[in-house]
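Try each task before you read its solution.

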Amino acid sequence: MEWTQDMAVGIETIDSQHRELFKRINNLLTAIKEHRCKAEIDGTIKFLDEYALFHFTEEEQRMEKAGYDGLADHKVHHATYMKNISDLKAEAALPRVQGMSYELSVTANQIIVDWIVDHIMKIDKKFGEFVKDRK
Ligand SMILES: [Fe+2]
């Protein structure tokens, strides 16, 4: 998956953090696809988990400072994502037999990739518009 210009929120710090998030998601997808060992997959999930938390905190702080009325809803969305990542972590921890990582890959695509693209396009962009309108 690739970050494309049409995903730009218009706030440079947030856009560059989104690009970093995509990089970390790609690392995870590659690790799953290439059937890397459990320790490596766990490592990429942890790497993503930490960055997602860091990035969401940054976004929420900016929203709070800006007096954004969509903050409460936005926080709920972020909490859902953190839960998705922790569900994935739990799934990755299950003993795997051959072929099982296909399921892990499907799950990762649905709850990690689809969610983030949808969130950026529909939810983060609203905040970008809000900031732009206030200038
Ligand atoms: Fe967000």
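**Exercise 1. Locate G43 and decide whether it is buried, partly exposed or exposed.**

Step 1: G43 lies in helix 2, where helices are DSSP runs of H or I with at least four residues, strands are runs of E with at least two, and both are numbered from the N terminus. Residue numbers start from 1 along each chain as its sequence is written.

Step 2: Count neighbours. A residue is buried if 20 or more other C-beta atoms, placed from the backbone, lie within 10 Å of its own, exposed if 12 or fewer, and partly exposed in between. G43 has 15 C-beta neighbours inside 10 Å, so G43 counts as partly exposed.

Step 3: For a distance check, take H119, 76 residues from G43 along the chain; their C-alpha atoms are separated by 24 Å.

A word on the source: this is a predicted model, in which local features need pLDDT of at least 70, side-chain atom pairs count only at pLDDT 80 or more, and totals for chains, interfaces and linings use all residues.

**Exercise 2. Describe how helix 2 and helix 3 pack.**

Step 1: Helix 2 covers residues 38–65 and helix 3 covers residues 71–93; their axes are 10 Å apart, at an angle of about 175 degrees. Axes are lines fitted to C-alpha atoms, for helices over the stretch in contact, and angles run from 0 to 180 degrees between N-to-C directions.

Step 2: That angle makes helix 2 roughly antiparallel to helix 3 (under 35 degrees is roughly parallel, over 145 roughly antiparallel, 65 to 115 roughly perpendicular, the rest oblique).

Step 3: Look at who meets whom, with contact meaning C-beta atoms, placed from the backbone, within 7 Å. Residues of helix 2 including I45, L48 and F56 meet residues of helix 3 including H78, Y81 and I85.

**Exercise 3. How many helices and strands does the protein have, and where is confidence lowest?**

Step 1: The protein has four helices and zero strands, in the order α-α-α-α.

Step 2: Confidence (pLDDT, from 0 to 100 for each residue) is lowest in helix 4 (residues 100–134), at a mean of 90, and highest in helix 2, at 95.

Technical notes: Contact = placed C-beta atoms within 7 Å. pLDDT = per-residue confidence, 0-100.
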